[in-house]
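Here is a short report for a first look at this model. Please view the chain first, then read on.

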Amino acid sequence: MSFLRNYLNKIKPNFEKDGKLHAFRSVFDGFETFLYVPNDTAKTGVHIHDAIDSKRIMSMVVIALLPALLFGMYNVGYQNYLAAGTLGSASFCEVFFYGVLAVLPKILVSYIIGLGIEFAWAQWKGEEIQEGYLVSGIIIPMIVPVGCPLWMIAIAVAFAVVIGKEIFGGTGMNIFNVALVARAFLFFSYPTKMSGDTVWVAQDTIFGLGNTLPDTFAQATPLGQLAAGTNVTASLSDAILGFIPGSIGETSVVAIAIGAVILLWTGIASWRTMLSVVVGGSLMAVVFEQTGLSITWYEHLVYGGFAFGAVFMATDPVTSARTDCGKYIYGFIIGALAVIIRVMNPGFPEGMMLAILFGNMMAPLIDHYVVDANVRKRAKRVKN
């Protein structure tokens with residue numbers, strides 16, 4: 001690593017002011033600060049200095065996402081071989097690498113388009129390259145069906161980065177979760193590629209792996225089956241482990257829970273938000289269950305993107321509530337609203353996407369009233 005550090009120090013003057021590669025200063029700075037903690041410190045004011053910066057935080061979130069991503073890759077292959085009836089004759093490596101080959105292009109498109117726009121925007125504005133897309137770039141492929149075409153992902157990524165993030169001022173200034181903006185764009189622009197019974201299972205061979213399924217093949221998710229008024233064919237254990245059709249990274253509650261432990265252990269995500277999402281969803285599900293309009297409350301927690309949204313998207317520090325009390329309110333609203341949408345509107349069997357986007361919109365207002373209540377309480381205490 002010392003060789004790399006010395007090499008970067010050697011070429012750095014070329015990218016500084018009056019250097020021959022000054023036009024690419026933002027690119028060099030982004031690469032350098034990704035590899036090493038910056039040496040720059042605040043020049044004025046009182047600040048608390050820490051060895052970890054936002055790039056390190058984003059990198060840790062990516063690490064926490066890996067269990068869900070890796071299992072999602074395996075499940076893509078699992079569902080293909082299961083649908084073709086050849087699962088018993090396939091090895092673990094064949095199933096897994098089929099999923100890798102199906103998912104990897106989506107990740108590459110997401111990062112190439114997203115980071116390309118980030119780099120171009122930074123160069124145009126003469127600013128540093130922002131690191132927020134490190135997480136969004138991997139989440140976007142994880143929350144789409146495996147049948148979503150690459151060109152659609154490219155358009156959605158461009159829309160999310162430019163409209164959902166950069167026009168608000170970039171990382172830390174966006175109102176809505178960038179990954180969910182991309183998913184909402186796809187959902188409302190290309191609904192047939194984001195819902196229904198034909199998009200959840202990969203249907204073609206890739207480099208000799210996998211199976212070509214009939215054009216008429218269809219497989220609904222558990223929530224899709226419930227919305228259609230049919231019985232869920234997957235067992236509860238399969239839903240918890242993740243052996244069900246669904247978005248690439250959202251099926252395995254176990255893998256998501258591993259990521260949750262990493263985020264909570266490192267202090268990156270808020271346990272208050274996670275807990276309140278689960279509590280809000282559970283209580284609302286119990287209410288509907290008592291009226292006979294819904295499935296059992298715990299099934300809502302393991303079907304669809306509820307667990308993934310509660311762990312990785314509702315806890316986004318930029319778009320969620322920031323006060324401790326506000327996090328409880330914010331999370332409760334998201335969990336309760338997700339179940340309400342699922343049960344009351346069959347046209348949106350998932351519910352979690354719209355619930356989190358609504359929560360993002362309400363987060364500043366929630367924090368405003370929480371802070372205002374604290375100020376009034378302290379003023380009253382001083383007065384007395």
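## Overall picture

What percentage of the 384 residues in the chain do buried residues make up? Buried residues make up 48% of them. Buried means under 20% relative accessible area, exposed means over 50%, and partly exposed lies in between (1.4 Å probe, protein chains only).

This is a predicted model, where local features need pLDDT of at least 70, side-chain atom pairs count only at pLDDT 80 or more, and totals for chains, interfaces and linings use all residues. Residues are numbered from 1 along each chain as its sequence is written, and side-chain values use heavy atoms, with hydrogens and water left out.

The chain has 15 helices and 0 strands. Both are DSSP runs numbered from the N terminus: helices are H or I with at least four residues, strands E with at least two. Contact means heavy atoms within 4.5 Å. Of the contacts with a separation of 6 or more, 69% join residues 24 or more positions apart.

## The nonpolar core

The largest nonpolar core has 95 residues. Such a core is a set of buried Ala, Val, Leu, Ile, Met, Phe, Trp, Tyr and Cys residues, joined through side-chain atoms within 4.5 Å. Helix H3 (residues 54-84) gives the largest share, 13 residues. In soluble globular proteins, nonpolar side chains tend to be buried together.

Leu65, Ile139 and Phe308 have the most contacts inside the core. Leaving aside neighbours within four places in sequence, Phe308 is in contact with residues including Leu65, Ile139, Met142 and Ile143. Gly249, Glu250, Ile256 and Met313 are also among its partners.

## A nonpolar surface patch

Leu236, Ile240, Leu241, Val254, Ile258, Val286, Trp297 and Tyr298 make a nonpolar surface patch of about 610 Å². Patch residues have over 30% relative accessible area and no salt bridge; like charges are joined within 9 Å, and nonpolar side chains (Val, Leu, Ile, Met, Phe, Trp, Tyr) within 5 Å. A salt bridge puts a side-chain nitrogen of Lys or Arg within 4 Å of a carboxyl oxygen of Asp or Glu. Accessible areas come from the Shrake-Rupley method with a 1.4 Å probe; for residues, only the protein chains shown count as cover.

Helix H9 (236-241) supplies the largest share, 3 residues. Ile240 lies in H9. Ile240 is partly exposed, at 32% relative accessible area.

## Thr323 in its loop

Thr323 lies in the loop between helix H13 (306-313) and helix H14 (324-344). Is Thr323 buried or exposed? Thr323 counts as buried, because its relative accessibility is 17%.

Thr323 touches Asp367, Val370 and Val371, not counting residues up to four places away in sequence.
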